[in-house]
Amino acid sequence: MSRYVQPAPAPDDPYADDPLLRSWLERQLGPAGHAAARDRLTDLAAAVSGPLRAAHADAEAHPPTLVRYDPWGARVDRIDTSPGWHAQRAAAARHAVVALPYLESARGTWGAAARVVQHALLHLYAPESATFSCPVAMADGAAALLSLPEVDAGVRDAWLPRLTCTDPDTAIVSGQWMTESQGGSDLSRSTTTGRPAADGSWRLTGEKWFCSAADAPVAVALARPEGAGRGSRVLAPFLVPRYAADSPLAGASVPADAAAPGVTVRRLKDKLGTRALPTAEIGLRDAYAVPLGDPAVPGLVRAMTLVVVTRVHNANAAASGMRRGLALARAYARARHVAGGSLADNPLHRATLGALAVDAAGAFVLAGHAFALLGRAEVGADPAAAAELRVVAPLAKLATGRLAVASASEYVEAFGGAGYVEDTGVPRLLRDAQVLPIWEGTSNVLAVDVLRAVAREDAGAPLLRRLAEATDLARRLSPAVAGTLASATRQLRAALTEVSADMRAVTVVAGARGLALRMSYALATALLVEQAAWGDDRAEVAARLWARRWLRHEDIAADAHEHLDALC
């Protein structure tokens with residue numbers, strides 16, 4: 001008897017076989033704009049399906065290692081990474097996944113919608129990047145921060161071109177050194193201090209506990225300027241060179257790839273997931289840094305420029321991972337036979353995948369909308385977009401991160417025992433998804449941020465307007481969706497009024513997570529309705545099923561089974 005070998009699933013083309021992505025681009029960019037982006041997208045899709053998939057596997061199989069000393073005993077704190085990780089770095093530059101929204105040519109072609117094209121590139125790139133999408137996000141955030149007018153022009157000119165370069169030999173990414181062990185997300189407890197030097201630069205001293213992309217040539221760090229008061233508002237962002245090559249304090253005898261003077265890599269983190277990504281504990285002792293803006297002016301608001309960008313990237317990583325997991329699960333179902341037939345034809349399995357497809361569609365429009373708002377706020381200086389982004393960024397990050405974890409668990413289960421075996425690559429979907437509700441704010445941290453935005457900045461108003469407009473659109477498409485959305489809007493309006501009255505009330509704070517999720521679910525319904533009203537029939541199906549699943553909490557199994565092919 002011959003030994004049975006399960007055929008490996010052949011995943012779809014991530015661009016050509018993603019109808020919601022292509023329809024979204026057609027609507028957001030117009031036919032000419034989408035056509036102008038098509039070559040970029042098809043080139044990246046081909047790379048993702050070929051060499052980047054191999055690079056991804058190599059980077060996962062060979063995680064980073066910390067080399068503390070050179071052969072002669074000199075302290076170097078070098079982080080060695082795999083060829084696959086370097087291939088991902090080169091691809092990120094070559095395909096402009098960071099650079100695109102900063103390129104004059106892209107802004108000339110797409111204007112504010114350059115961020116829409118970037119979202120599409122990231123949607124293709126992130127799931128096969130071995131989480132190089134994380135340093136990509138931080139590089140984008142650092143570039144946005146450097147682009148602020150209050151940042152010294154000399155600092156901007158020295159670093160922004162390197163962060164937004166498309167030449168792999170020149171382009172760099174950025175790390176992010178924010179949190180400390182005693183505070184975590186409570187930045188008010190930060191003890192890292194900064195003191196000015198005679199040459200206009202600063203010296204930072206402190207301990208940073210969770211430093212992502214610790215191999216990046218530069219990092220944005222938060223520190224408390226000498227003489228500043230207590231609390232988090234007075235913290236200021238600084239740019240810290242990671243290597244001796246970029247530090248004026250390094251002598252000629254120090255190797256260029258050694259750690260900059262005053263920068264010590266304590267250890268690499270042994271993490272649940274994102275194992276290819278070097279994450280470290282880093283000590284600073286009079287490390288050279290340059291301020292991003294005037295340190296005498298409370299700088300946390302400036303730093304939030306970076307955080308908004310990284311939060312929308314987090315939403316993209318969640319949504320793109322969900323879509324890629326769905327594609328893998330469907331490919332496996334087509335290749336797998338059970339109970340005398342194809343698993344892809346099994347009604348229960350189809351219903352399961354159909355519900356996951358609904359969730360992937362909702363996550364996609366939340367992330368896509370956040371990127372569209374970001375572009376309008378940056379390029380068009382659109383105050384309405386900026387006001388809406390203030391609440392959409394945390395909402396999109398919160399909802400997609402939680403959806404990604406739940407979906408990844410289902411994808412692992414969809415493969416049965418093969419989903420539990422590391423060399424299939426499937427377990428990584430779940431391990432890597434778990435970071436998404438944690439990085440840049442846990443669910444509770446984000447929910448409280450939403451309360452602040454509503455109470456202090458009236459950030460609920462733009463959301464309520466969008467929901468009302470989408471309700472009117474839905475009346476022409478689906479009276480049931482319109483009724484559900486109208487009811488959700490009334491409930492949210494009442495809840496947001498309570499928040500505005502007293503955001504510190506125990507009942508308000510205790511219910512913050514539930515409120516933020518309801519806001520997210522209603523927003524996703526509205527965005528799917530908008531896409532459907534433009535003429536996307538798949539979005540109309542997704543809107544109906546999403547509203548039933550997340551706003552009315554109904555079982556959608558029968559319809560998910562019936563509409564699986566339409567949804568995908």
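Me: How does the lining of the second largest pocket divide by class?
Reply: It has 11 nonpolar, 2 polar and 6 charged residues. Nonpolar covers Ala, Val, Leu, Ile, Met, Phe, Trp, Tyr, Cys and Pro; charged covers Asp, Glu, Lys and Arg; the others, Gly among them, are polar. This is a predicted model, where local features need pLDDT of at least 70, side-chain atom pairs count only at pLDDT 80 or more, and totals for chains, interfaces and linings use all residues. Residues are numbered from 1 along each chain as its sequence is written, and side-chain values use heavy atoms, with hydrogens and water left out.

Me: Which lining residues lie nearest the centre of that second largest pocket?
Reply: Asp-359, Ala-406, Glu-410, Arg-549 and Trp-550, out of 19 lining residues. Two or more lining residues come from each of α9, α10 (383–414), α16 (512–534) and α17. Helices here are DSSP runs of H or I with at least four residues, strands are runs of E with at least two, and both are numbered from the N terminus.

Me: Which element gives the largest share?
Reply: α10, with 6 residues of the second largest pocket's lining.

Me: And what volume does the second largest pocket have?
Reply: About 320 Å³. The volume is the space filled by probe spheres set on grid points, which are joined across faces, edges and corners.

Me: How many cavities of 30 Å³ or more are there?
Reply: The count is 5. On a 1 Å grid over the protein atoms alone, a cavity is a set of points where a 1.4 Å probe fits but cannot get out; a pocket is an open set with protein on both sides within 12 Å along at least five of seven lines; lining residues have an atom within 4 Å of a point.

Me: What is the volume of the largest cavity?
Reply: About 120 Å³. Its lining has 13 residues, with Leu-20, Arg-323, Ala-357, Ala-361 and Leu-567 nearest the centre. Elements giving two or more of the lining residues are α8 (300–335), α9 (347–379) and α17 (537–551). α9 has the largest share, at 4 residues.

Me: How does the largest cavity's lining divide by class?
Reply: 10 nonpolar, no polar and 3 charged.

Me: α17 lines both spaces, then. How many of its residues are buried?
Reply: 11 of the 15, so α17 is largely enclosed by the rest of the structure. Buried means under 20% relative accessible area, exposed over 50%, partly exposed in between, with a 1.4 Å probe and protein chains only. Among the buried ones are Glu-540, Trp-546, Arg-548 and Trp-550.

Me: What covers the buried residues of α17?
Reply: The cover includes α9, α10, α13, α14, α16 and α18 (557–567). Contact means heavy atoms within 4.5 Å.

Me: How far apart are the end C-alpha atoms of α17?
Reply: 21 Å, which agrees with the 21 Å its 15 residues should span at 1.5 Å a residue. The expected span is 1.5 Å times one less than the number of residues.

Me: What about the span of α12?
Reply: Its 15 residues, 443–457, should span 21 Å, and the end C-alpha atoms are 20 Å apart, which agrees. Its buried residues include Ser-443, Asp-449 and Val-454. Among the elements covering them are α8, α10 and α16.

Me: What comes just after α12?
Reply: Asp-458, with a positive phi of about 55°.

Me: Where does Glu-440 lie, and is it buried or exposed?
Reply: Glu-440 is in the loop between α11 (427–433) and α12. It is buried, at 13% relative accessible area. Its phi is positive too, about 60°. Most residues other than glycine have a negative phi.

Me: Which strand holds Asp-77?
Reply: β2, residues 75–80. Phi of Asp-77 is near 50°. Asp-77 is buried, with a relative accessible area of 1%.

Me: Switching to Glu-128. What is it in contact with?
Reply: Beyond neighbours within four places in sequence, Glu-128 touches Val-48, Leu-52, Arg-53, His-56, Gln-88 and Arg-324. Glu-128 and Val-48 are 80 residues apart in sequence, yet 6.4 Å apart C-alpha to C-alpha. Glu-128 sits in the loop between α5 (114–125) and α6 (133–146). At 8% relative accessibility, Glu-128 counts as buried.
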